[in-house]
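Morning, everyone. Please bring up the model, and let's walk through its backbone.

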Amino acid sequence: MTAAPDPERGTADGFQDAWSNLLRCQSMSLHPRSLRRITASTTALLQRATQESPFDAAPVEQAAAQLVNAHFTDLRLLAGAVDLLQAQALPDRRSTAMAGAFAVGWAAALRDRTLREQDSIRIAVDAARLEAEEALRASETRFRALFETAAIGIGIGDIDGRILAANRSLLEMFGARLEDLQDRKVDDLVHPEDTPDVWTAYDELVHGKRESFQCDKPYYRGDGEVVWTHLTVSLIRHEDGSPRYQVAMMEDITDRYRLQDRLRHQATHDPLTGLPNRAAFFERLEQLFDTAGPTTRFGLCYIDLDGFKVVNDSLGHDTGDQLLIKVAGRITTALAPTGHLVARLGGDEFVVLLEDTRDETEAVEVAQTVLAALDEPVHIGGHKLAVGASIGVLERRVASTTPDAAVRAADLTLYRAKEAGRGRWTLFNAQRNARMVSRYSMSVRMPKALDRGEFFLEYQPLCALADGSLAAVEALVRWRHPLLGVLGPDEFVATAEDTGLILPLGRWVLEQACARAAEWPRRFGTTAPQLNVNITAHQARSRGLVADVARILHGTGLDPRRLQLEITESAALRPQDESLEVLNALVDLGVSLSVDDFGTGWSNLTYLRDLPVSALKLSGSFIGELDGDEQPGDADNAGWAIVGGVVALSHSLGLTLTAEGVETAAAAERLRQLGCDWGQGWHFGRPMAPEAIEQLAGHFPKSP
Amino acid sequence: MRRENWTPGWIDLDTPNAARMYDYYLGGSHNFPADREAAREAIGLWPELPAIMRANRSFLRRAVQYLAGEGISRFLDIGSGIPTLGPVHEVAREDDPQARVVYVDRDPVAVAHSRLLVADDPLIKVVEADLTEPEDLLAQPEVKELLRPGEPVGVLLVAVLHFVTDAQHPHRLVGALRDAIPPGSALVLCHASLEGRPDQAGPHQQIYARTATPLTMRSREQITAFFDGFELVDPGVVFLPEWRPDLPESIEAHPERMTGLVGVGRRP
């Protein structure tokens with residue numbers, strides 16, 4: 001069959017225009033040149049289909065497929081194309097056949113394309129997954145290598161605390177197998193020394209309230225030992241932010257910790273008794289003050305052993321140390337049920353810290369418990385030692401004081417217990433404390449100073465003005481104060497007098513000086529100097545003085561006639577006082593008395609006649625103002641005249657006169673000329689060590 | 001620093017994915033049920049979306065065509081997605097068969113797919129990188145090679161910046177790219193705009209909030225500001241169909257309905 005000439009050539013041109021227009025509208029993403037190509041190509045195919053006989057659907061289907069493959073996938077294109085193809089004025093229903101063929105070709109190509117695209121996107125997903133997994137595997141491999149070979153211990157747990165993984169270092173640290181740990185939960189790894197913050201922080205972490213925390217934490221190892229770790233715990237969250245895992249990284253710091261621990265223990269504990277030391281006590285006390293509320297009360301029992309020094313001196317330091325250990329043991333045992341802190345402050349001083357007390361009775365009970373615990377004698381190396389203690393008890397509101405003031409007050413209160421006669425407790429008294437605090441720096445140390453042997457004696461020569469020979473020596477007490485250096489009697493005797501410490505101190509001076517002087521007659525014969533010892537007003541009024549002197553003379557074997565007690569005018573010139581009785585009793589013992597520092601106070605000279613004194617010592621301030629013999633001025637003349645008068649007065653009363661403060665040979669000569677008996681001062685010698693004064697005494701020939 | 005993919009969770013076919021939704025709008029089948037469902041929902045709310053996407057694709061083609069006509073033969077397509085419809089290299093090669101293109105996307109599936117498409121083409125590279133990490137993006141060897149000084153480059157940020165949130169400082173990111181490209185290079189920008197259809201902005205952004213890439217529509221001012229340091233090519237920043245149409249009649253009655261604002265700028 002021959003193709004009939006196209007009766008409507010114009011119609012075919014009209015189709016081509018409509019076709020390219022359809023494609024253009026559907027091809028906004030296509031380059032105009034591409035569009036032209038596909039338009040030309042599909043137009044040619046369709047053209048072929050209109051002309052070929054018999055009708056062949058293939059070119060139409062091919063055109064449809066080309067369009068689908070060139071992204072003409074919109075259904076509106078299909079609709080438009082079918083419309084156009086059907087509208088062609090072609091014979092034999094060819095228009096319909098073409099439209100059908102186009103729809104078939106388009107659908108088949110689109111189905112292919114869809115399947116191809118689904119395939120390609122799935123392949124892309126697989127490829128992407130593969131790559132991601134490979135990256136993950138690579139990073140996992142790196143992580144695992146890091147995890148396994150890390151020197152620090154790493155453990156991973158879930159949010160419930162189940163331990164999921166642990167690396168080799170961690171297992172070694174814990175001395176455990178992974179199975180052992182996997183049976184346990186993080187919460188089980190509690191150690192009694194954990195600070196409460198650790199578990200608070202842990203709780204916050206697993207609840208997502210914090211990202212990480214760090215601390216030092218001990219763990220029990222599998223073998224029961226303790227391993228100390230520096231621990232860092234971090235939270236890993238789900239993508240939605242909810243907590244997922246916890247990662248613990250720990251460094252074994254056991255060695256460092258033990259060293260620190262040991263150093264800390266050493267720093268905070270008394271090596272002898274094992275009790276917390278002074279530093280630890282103050283640390284705890286300051287902590288208490290830092291954390292106390294406005295109504296919090298606390299108590300202190302300041303304990304000092306009675307007569308510890310005697311034990312130390314007579315039985316040796318080893319026994320003393322043993323005693324301290326036993327005493328510490330007794331106190332801690334007795335107070336163990338109360339849980340109070342017992343510390344050793346030094347020497348034979350202990351302190352008990354009571355936290356959160358209700359009232360004073362609680363602190364008093366503790367003091368009574370301590371005293372009761374020391375009731376029974378302590379057995380040490382065959383010795384049965386009765387140890388007592390004095391206790392200062394203080395119980396106050398934390399807000400009313402400071403750590404330092406509280407300890408000072410307790411110490412002063414203790415001192416009152418000592419003063420009141422030892423073996424007892426005394427309760428803090430605010431008024432008394434205030435009075436005592438002003439003298440604190442001296443008085444608080446003095447009792448201990450005596451026990452610690454901080455006092456010592458020097459001797460100053462008193463020489464006969466006639467021949468310069470050594471007539472007597474005056475014992476002068478010195479205090480080698482640990483902070484202030486060596487103090488003279490004028491710096492601390494007044495305080496000792498006020499606090500009453502003068503009694504034990506005076507006793508000690510007498511004991512020391514008499515023991516020494518007792519040796520002198522044997523060594524120096526009749527030229528052995530007389531011993532002068534000062535007695536204060538307080539001592540002079542003390543009934544115990546006479547007995548003390550008698551006991552000491554007896555104990556040391558010193559001839560009473562070799563002892564002269566120097567009393568101040570204020571002590572001596574009050575006959576109505578009980579001191580007169582004491583002075584008489586002393587004289588009865590064979591001891592002589594002299595009035596010290598004569599001329600400085602207002603002396604009612606008539607009493608000199610009634611006092612049992614045998615010597616006067618003219619105040620050094622008196623002589624020091626006078627020059628020697630050369631060109632004496634009027635004032636000097638008057639001064640010397642007074643000295644002359646005192647010489648006359650002394651002699652008329654039968655008293656030996658000593659001039660103090662003799663600093664020059666001229667003064668000594670003038671005094672000699674005036675008839676003064678003895679002189680004392682730098683011209684004859686400063687106060688010196690016993691050995692030095694004994695050497696001086698040895699220079700004078702022994703009398704036959 | 002390169003982000004490590006610790007889990008393959010990023011490749012999650014149950015979460016709608018912007019690149020695959022885009023493919024669906026354009027009539028492609030490179031997508032999964034979750035993508036289609038989200039795309040259909042979006043179309044239900046805003047039936048013009050496929051047309052907007054086609055207009056977007058058309059703009060991309062016209063812009064590349066324009067730049068190729070200006071002699072640019074190197075292109076950096078950032079956020080290239082699944083570029084089956086009128087991909088840059090096909091358009092560019094109409095003018096210069098030696099044109100080179102580097103496709104960049106942060107979606108590993110889109111990257112894998114693009115690699116499948118162009119596996120045998122030595123002039124085309126596909127890089128997995130993230131616009132929000134410009135130092136890393138610019139440090140990729142293929143990108144560095146493309147941006148080497150001398151020859152101008154067409155940088156395409158077509159329908160990608162609205163997936164960068166304000167907190168990620170999109171202007172700073174564009175500035176980083178601008179500073180890295182040779183003089184004479186061009187910036188091609190298409191950005192979802194709050195103008196035109198403000199009624200659609202809210203719900204539309206909500207649909208994208210479910211994807212891994214939430215949508216941030218911006219104002220004309222904000223979009224124009226991306227061209228700081230560039231000289232805008234005529235007609236400046238306009239709605240999608242208004243930019244150098246193939247024929248004057250290609251601009252339909254309501255160009256503002258194609259809410260994307262577009263522009264091309266040249267770096268002096």
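Pro235(B) lies in a chain B loop, between strand 6 (231-232) and strand 7 (238-239). Its peptide bond, coming from Asp234(B), is cis, with omega near 5°. A word on terms: helices (H or I, at least four residues) and strands (E, at least two) are DSSP runs, numbered from the N terminus.

Before going on, the ground rules. This is a predicted model, with local features needing pLDDT of at least 70, side-chain atom pairs counting only at pLDDT 80 or more, and totals for chains, interfaces and linings using all residues. Residues are numbered from 1 along each chain as its sequence is written, chains are lettered from A and ligands numbered from 1 in the order written, and side-chain values use heavy atoms, with hydrogens and water left out.

Now chain A. The bond from Ser53(A) to Pro54(A) is cis, with omega near -5°. Pro54(A) sits in the loop between helix 2 (32-51) and helix 3 (58-69).

Next, phi. Look for His71(A) in the loop between helix 3 and helix 4 (75-86) of chain A.

Over to chain B. His169(B) is not a glycine, and its phi is positive, near 55°. The loop holding His169(B) runs between strand 4 (154-158) and helix 8 (170-180).

Last, accessibility. Buried means under 20% relative accessible area, exposed over 50%, and partly exposed in between (1.4 Å probe, protein chains only). Is His71(A) buried or exposed? His71(A) has 18% relative accessibility, so it counts as buried. His169(B) has 37%, so it counts as partly exposed.
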